[in-house]
Structures are given as C-alpha cells and as structure tokens.
Amino acid sequence: MTILQEIKKHYELQTVTWKEKETLVDTDCGVKRIRIWSDLHLLNWHVRWRDEVGKNSLAVADRMIRTVDGACWVDLEGRYLTLHDYVEGRHERGGHEKRWGLLLGNMLQAGLDLQKEFGPITHADRYSFDACLAAIHKLSKDYNELVSVRNSLPEANKRLNLAMELKQASSQVPLPLLDSDTHMSNGAQIFNILFYRGSNGYPEEGYRPLRKFLTEWLKECGPYSLRKLLTCINEHFSLEREQGYLLLAEILTPWELQDCVDQLKNTELSHIVACVESFEQDWDFNRILLHCFTDWMDDKRKRVAL
Amino acid sequence: MSHSNETVNYGPVLFQYDLYPEKIEAFGKVKKVISRRGTFALKETSLNEEEVNWFTHVVHRLSEIGYHQIVPLYPTKYGDYTVQHGNKTYYLMPWFAGSERLGQTREEVMIDEIGKIHYLTLKEQDFSPEVVDHSFHYLMQRWETRQLEMERFAEESERMPYMSPFELTYLSHFHHMMKMAEEAKRRLKDWYDACHAEKRYRSALCHGKLSRNHLLFSHNGEPHLLNFERAVLDTPVRDLAIFFRKAVHHSSWTREEGGRLLSLYERHIPLLDEEKSLLVSYMSYPEPIFNSVDLYRHKRERYSQIEFVHRLEKRISAMRHIRDFCDLILTPPPPAPLDPNENVDHI
C-alpha cells in the first residue's frame, strides 16, 4: 500500500494527493505535512511535548493529527508516519510577545515535566574552551584577520568560568528539554493562532535553543521587545529563580567562539573574513542579550524587594 | 442570524476540528456551524479542567455501559474532546434537527430516558450514617437560612409605607410559602429517619440539569439527551425533582399526568418509600419562589414591576401544582384488585 493510500485509510480522508513529494499532501481537510520516523522513543517525545504545548488554543505546536482509531501515528512496518497541519507564512514577532511568551513558557514547562522520561535521548553539544583556544592560537599565527577573535579570549574565559559557577550552584536543578530547532521562523499564523512547526530532531537538554531564539528576537525586535518577551515567558514558566540562573549561565557561555572555530575549518581568506565579521556581530549581540537579561532579572528582584 | 465576524472569533476553536464555516448561527450558548463537511453544534461552557475531565468521562462511561441515547461529542483532529479558548471551553456535536415521534410527548421521552440512565447506573451505597447526617444537616441548615432571608424580606416589605405590586403579591402568599417550606423540612426528616432505620441509600448518575431543551431528536426521530455538564452521582431523586419542577409549568400539566410520568419512570426503577419522601421534600421547598425574590432584590433594573409580578405568580401557581402532585405521590396505592379466579370453585 502506498503512503497516500495509508493516509487515506487511517485518517479517513476523501482525497489525498501529493503537494510536495514525501513532505506535503493535499487533502479534503486542507494541506497536511507528513513526517516519517524510525525512532519510536524520539517520536514519543515529539508527541508529548507538542500535546502539552497545544493545551491552549492561542499558541500551539503542530500536534500529530489522530488516526480514526485515535492513534498518533501509522505503523509502516518499523517506520512510523505522522500527519500534521501545514500553515504557510509567518507569525508577527514584535508586538506579539504575549503569544510567543505563552508558546515558549509552555514549551519550557513541557520540557521540564518530560525531562526525566526523555532525558536519555537528548543530544547536547559539549563546549571545549581548550580546543577553541588551541585552534585560535594556531590559526591567528597565519591570519591577522583573527585579531578580534583572539582579543575576545580573556573575556570569553571569564564568562565561561562564571557560567560554570552558576551551573555548579544549580547542579541539582533539572534542566528542561527543548526542541533543538527552536526558531522564530517556525511560527506561522492561522486565524488568530500562533502555529508553531516543531522539528523531528533529538531534543536538547538545557537553554541553548532558547538562547538562540532570544538572540534572534533581539536582532529582529530590539531590547525593549525582548524584555517584554521575557516577562511574558515568565508568566507561564518562572525564569526568576534557579531556571533563570541556568538560562543566564547559558547566555554567559561563549558559544559564539566555538561556532566561529567550527566555521574556520575552511581557511579561504574571504570565508575567514566573513566568519570574523559574523563572530563580531554575534559577540556584540550576545553582550546586549546578557545585559538585557541581567537587567530584567535585577528588575524582577527589585520588585520583590519593594 | 449569520455573523461573519464570528468566523474569526471561533476560528481558533473550529481550526481544531478542520472546520471552515460557511455560516454560524447563534442559539444562546450553542452555535450552529454550517460547513462543507456538514452542520455541527458548537457548545460554549465555563467548565474548568477538572469538570471537563468528569464531563467527558461521564459521556464515555454512558456509552461503555450501553446507553447510546446521548448526543455524541466529536473529538478534535488531535483527539481531544474539548477545546480551551480563553476562559471558555468548547465542544462539538452533530446538529440534530429532527422532531419527536408521534404518540409520545417530550416529557414522556425524557422521563423514560432518564429512567434508563438511572437503571444502568444505580448503585446501593454502603450505608454511612455520617454521609447521611452530613447531607441532612447541610440541606436543613441551608433551607433554614433561606427561610430566614425570606422572612426578613417579608418584614421589610411590611414596613414599606407603599408596597410595590411585587411585595404585595409576595406577602399575600408568604404564609403559604412558609407552610410548604415546613412541609419540605418535615419530609426531609422522614427521609433521614427512614435511611437510618433501613440503613440504605441509593445513588445513580444524575443528568443534573434536565430540561426540555436538553433532549433532541435525530433525523429518524431517535431521542438523544445532551448537556451532561452538571452530571453528578447522587440520589436519583435529584433529577426527578428538577424534571417535575419544570414539567408543572407546561400547559398540559395535570396531577394525573404527573402520576403517569412517574409511573413511566418507575418501570425502570420503582422508588423506595424514603426516596418518595425525599422527592416530595425537594419539590415542596419553595426555592423557585425565593429565587424570584432574589432576582427582584438584586437585579431590579432588569425587568419591570409587572414582569417581576408575572414571574412570581407563575412560580406560585407552579408550586400549587407541585403540592397537588406531592399529595398524589404520598397517597398509598389502592389495594390490588381481587383475583377474579379466587372464588371460582375448581372441580
């Protein structure tokens, strides 16, 4: 039986045709996205966090559409097919902090609730400052263009140590799991809903995906909107105590340095120049992000004290 | 009745059902959603999460135990039976627009259906004197507090230099109301004593909000109950009292009609003597009259004097029907006719 026939049968649809081979199908209930999974445990994670996030009707993830029997997927002899809504376009960002805050707050809460169960399938990048250091020292001998990168090393080291201290202080606190591909561009709008397209990748333990998201937000919407977003996330998931410190630790960690080193594997001069430019920009944005977040935390603390 | 802006308002909810309405018509808290995929009823409620779980459990449980005369709930495409939107909860059902079969009134169908539900869910509870004591004292205290409030209103009305038509009507029936309240309390005590003496107490799944509007007919005339939002495990008398309190308002009501409806119910579950006392007690307490006094006291701007008087008089008249019906319930059944074969000589 072909995939289209399987979909037609299991989802009781009248018409199903390919809109985009292996990805999108056109049905009598609109355009739907299909995903094929081979790891059942990973699939379960994606079902659960999407369901948790979809408990409201204003900011939802692309939950698995249920089959006529109420199942979340169709078994294709060792592979699993899921069907999702497909929404084109993008959801507005600035000015819609409440809705995005609801989405991110619910994602964090779901990630924390499911942390024990799905912790073993997480994927995490390990940060090796020594490796970065060695690579930059080696390359900077040959390329003067890397001076700004080299100059950032003392501060990066300081930030890393501070991040380690914060993580150490909250070492008993569980970290939420997050979809590794958490981006603003995944948000679309239908009716009045923020419809968020999740990925099919392994989850990441900790705040790195959120840090990336916040940086994107800062770049597009500015610091004022970012502070508003943090306040809105905080309404659904507290960032004021340990979880806030763990996010701070993630923001302090100089990931931009490692990203830069990874890029420098290609030693073409024009590529190196572009990398350095990108690094400088990321470095500056991360400073602003750090400043915004610590300011926001201080503000929260002051309010409590008052 | 079509409102184009409602498509936007209900969009986030209907999206979860893959419904793109062509037209939405409002019928109070129910919206008739007409779409290419059919016509549906979208119900808006204020149920919280716990109540939603209970409500959906009740609907599924009834189906599991073989009762299928309920309007089914359609799941969303994600398998949920309700949708939370803002501070409201919505659920979707088929739109039933059939009419009842000839030969049976709506009341007959309703009492028959509720009898079936009670029969399927009836359970003899382990007798707990504490539970019965608590129920008795709680209700007695509530009724006495209400009586005091009404007495105070009567005193205030009497002190008025010029009584309003509503106050005048209320005062002229006050004595009678108090007599009914006392009768209700007496019957409640009878129930309490009988429960302790017999050491028994039955409960069933009660609909909790029986009304003519909560019975619909499918296109082939099959009756279906809906709105189990207030469903509760309680004495079956709870539903009966609500049912009869509303039924007496109907123009065709007679005490004999009430007796016939009750016997229709008792074909499924014959009431125990103490349950009859409890039914009389529940029905006799003049709460509907007290409610119209509350409305007059607190929302006087909502209706005119004449409307308030009209409402009160209707309820007083309904209480008269109730009193007659209660007399019938408490009348012992006539002795069984003698067996005509008894005196026949058998050779």
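Mentor: One word first: a residue counts as buried if its relative accessible area is under 20%, and as exposed if that area is over 50%, with partly exposed in between. Keep in mind too that this is a predicted model.

Let's go to the rings. A pair of aromatic rings is described by the distance of the centres and the angle of the planes. Here we call two rings a pair if their centres lie within 6.5 Å, and by that rule there are 31 aromatic pairs over all chains. Take Phe136(B) and Tyr192(B): the centres are 4.1 Å apart and the planes sit at 20 degrees, so this pair is stacked. Phe136(B) belongs to helix α5 of chain B (residues 129-159) and Tyr192(B) to helix α6 of chain B, so to speak a link between distant parts of the chain, 56 residues apart. Both Phe136(B) and Tyr192(B) are buried.

Now compare Phe166(B) and Phe308(B). Their centres are 6.0 Å apart with 75 degrees between the planes, and that makes the pair edge-to-face. Phe166(B) is in helix α6 of chain B while Phe308(B) is in helix α11 of chain B (residues 305-330), so this pair ties together parts 142 residues apart in sequence. Phe166(B) and Phe308(B) are both buried.

Helix α8 of chain A (residues 242-252) has nine of its eleven residues buried, so the rest of the structure largely encloses it. Leu246(A), Leu247(A) and Leu248(A) are among those buried residues.

Chain A also has an open sheet of three strands, in the order β4-β9-β8, with mixed pairing. The strands β4 (59-61) and β8 (187-190) are at the edges with a single partner strand each, so one side of each has no neighbour in the sheet. From one strand to the next, the twist averages 30 degrees. β8(A) and β9(A) run antiparallel and are joined by four bridges, and Ile190(A) stands opposite Ile193(A) there.

Helix α2 of chain A (residues 40-53) lies across β4 and β9, at about 165 degrees to β4(A). Helix α3 of chain A (residues 97-113) lies across β4, β8 and β9, at about 45 degrees to β9(A).

His41(A), in helix α2 of chain A, has a relative accessible area of 35%, so we call it partly exposed. Not counting residues up to four places away in sequence, His41(A) touches Glu117(A), Phe118(A) and Ile121(A).

Notes: Residues numbered from 1 in each chain as written. Chains lettered and ligands numbered in written order. Predicted model: local features only at pLDDT ≥ 70, side-chain atom pairs only at ≥ 80, totals over all residues. Heavy atoms only, no water. Pairing = 2+ DSSP bridges. Helix = DSSP H or I, 4+ residues; strand = E, 2+ residues; numbered from the N terminus. Axes fitted to C-alpha atoms, helices over the stretch in contact; angles between N-to-C directions. Contact = heavy atoms within 4.5 Å. Buried < 20%, exposed > 50% of the residue type's maximum accessible area, 1.4 Å probe, protein only. Phe/Tyr/Trp six-rings, centres within 6.5 Å; stacked < 30°, edge-to-face > 60°.
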